[in-house]
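This briefing goes through one protein model by topic. Keep the sequence and the 3D view open while reading.

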Amino acid sequence: MKKYNVAVVGATGMVGRKFLQVLEERNLPVENYYLFASAKSAGTKVDFMGKQYEIIELAEKNLEGKNIDIALFSAGGDVSKEFAPIFAKHGILVIDNSSAWRRDPEVPLVVPECNANDILWHKNIIANPNCSTIQAMVALKPLHQAFKIKRVIYSTYQAVSGAGVKGFNDLKGGICGEAPQKFPYPIFGNCIPHIDVFLDNGYTKEEDKMIFETKKILGDQSIKVTATCVRVPVYYGHSESINLEFEKPCTVEQVKEVLSKAEGVVLEDDGKNLVYPMPLTAENKDEVFIGRIRKDDTIENGINIWCVADNIRKGAATNAVQIAQKVIELGALKGKI
């Protein structure tokens, strides 16, 4: 079996460390790993795959002689904007976790359970979608195929880890009464209806991401999408209330039937026995958990669902590693273009 050389860029960050965990679990056919981070982290040691790796400074000169095939990026949008084209120029396929490339029409935006074939038209950069979008797409794609989605209303309840280590620490420190360092207000005992910056239309950038990415991944610009994204005092696991309007009639039983067969979905829907998805039970798992499926009787062909997933795993690291696996499976490495 052919083996590949893989780089992790941003290997010391929250998502970067999760990349390493998922890579170790999934055991891709890899000959060599190279772990990159900023100059500040260069030279530090990381335990991975049963041995110690030294962090390499992210610089073009440090790509020489390594013959890297795939690079998983989670180092922020500015770093991706600068270095993804450099890696791509060297014939390395970049799978980028930032928002830097998601809107580029030349860059596939991929959730492997939904649109894996979009991988085939990459030009050495593939974008990993927003964490809150990824988990929704795993459920919405099969429903769109079955009943054609007409409208989506998202209301999200997003964990502090989605804001990185500083967001995580704001909740941890807030329990002890410490002032927030990341969020504009205390998150402990609070909900903040504000994720990313506000845009001129009153939406936040996070909400705008979900609206745009839903249409791009589902490949249907006719779908009407709106969103309200809220930060809540949970460490890991985004929750979403999703209201759907379909073009075709459907029953709750039909929706459950579709989702029960959907790749990557776990149904937890037994209200009488208090069975429903929660962040606590989804933590450190790769699946998307769906429950509370019920009719919305205020509109024709309306359904409500509740959707939960670990935002650092499926919402970031696992999805990127799954893309890498699909690239290998499809033979979609192109080298220098």
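Strand S9 (residues 149–158) and strand S11 are antiparallel partners, joined over eight bridges. The model is a predicted one.

- Strand S11 covers residues 238–246, and eight of its nine residues are buried, so the strand is largely enclosed by the rest of the structure.

**Cys-307 in strand S14**

- Strand S14 contains Cys-307.
- Is Cys-307 buried or exposed? Its relative accessibility is 0%, so Cys-307 counts as buried; the cut-off for buried is under 20%.
- Cys-307 and Ile-290 are 17 residues apart along the chain, and their C-alpha atoms are separated by 4.7 Å.

**The parallel sheet**

- Six strands make an open sheet with parallel pairing, in the order S5-S2-S1-S6-S7-S8.
- Its edge strands are S5 (56–57) and S8 (125–127), each of which pairs on one side only.
- Within this sheet, strand S6 (residues 70–73) and strand S7 (residues 93–96) run parallel and are joined by four bridges.
- Ala-71 stands opposite Val-94, which belongs to S7.

- Rolling a probe the size of a water molecule over the atoms shows where empty space is left.
- How much space lies in the largest pocket? The value is about 1400 Å³.
- The lining of the largest pocket consists of 44 residues, and those nearest its centre are Gly-76, Gly-162, Ala-163, Gly-164 and Lys-182.
- Five helices are the elements that give two or more residues to this lining: H1 (14–26), H2 (77–89), H5 (164–174), H6 (205–218) and H9 (313–330).
- The count of cavities of 30 Å³ or more comes to one.
- The largest cavity has a volume of about 30 Å³.
- The residues that line the largest cavity are Asp-170, Gly-174, Glu-178, Ala-179, Pro-180, Pro-186 and Ile-187.

**Gln-322 in helix H9**

- Helix H9 includes Gln-322.
- Gln-322 counts as buried because its relative accessibility is 13%, and buried means under 20%.
- Gln-322 and Val-110 are 212 residues apart in sequence, yet their C-alpha atoms are 9.8 Å apart in space.

**A nonpolar patch on the surface**

- Which residues form the nonpolar patch? They are Leu-274, Tyr-276, Met-278 and Leu-280, and together they have about 430 Å² of accessible area.
- Tyr-276 sits in the loop between strand S12 (265–267) and helix H8 (279–282).
- Tyr-276 has 32% relative accessibility and therefore counts as partly exposed, since that class lies between the cut-offs of 20% and 50%.

Notes:
Residues are numbered from 1 along each chain as its sequence is written. This is a predicted model: local features need pLDDT of at least 70, side-chain atom pairs count only at pLDDT 80 or more; totals for chains, interfaces and linings use all residues. Side-chain values use heavy atoms; hydrogens and water are left out. Patches are made of residues with over 30% relative accessible area and no salt bridge: like charges are joined within 9 Å, nonpolar side chains (Val, Leu, Ile, Met, Phe, Trp, Tyr) within 5 Å. Accessible areas come from the Shrake-Rupley method with a 1.4 Å probe; for residues, only the protein chains shown count as cover. A salt bridge is a side-chain nitrogen of Lys or Arg within 4 Å of a carboxyl oxygen of Asp or Glu. Buried means under 20% relative accessible area, exposed over 50%, partly exposed in between (1.4 Å probe, protein chains only). Two strands pair if DSSP finds at least two bridges between them. On a 1 Å grid over the protein atoms alone, a cavity is a set of points where a 1.4 Å probe fits but cannot get out, and a pocket is an open set with protein on both sides within 12 Å along at least five of seven lines; lining residues have an atom within 4 Å of a point. Grid points are joined across faces, edges and corners, and a volume is the space filled by probe spheres set on the points.
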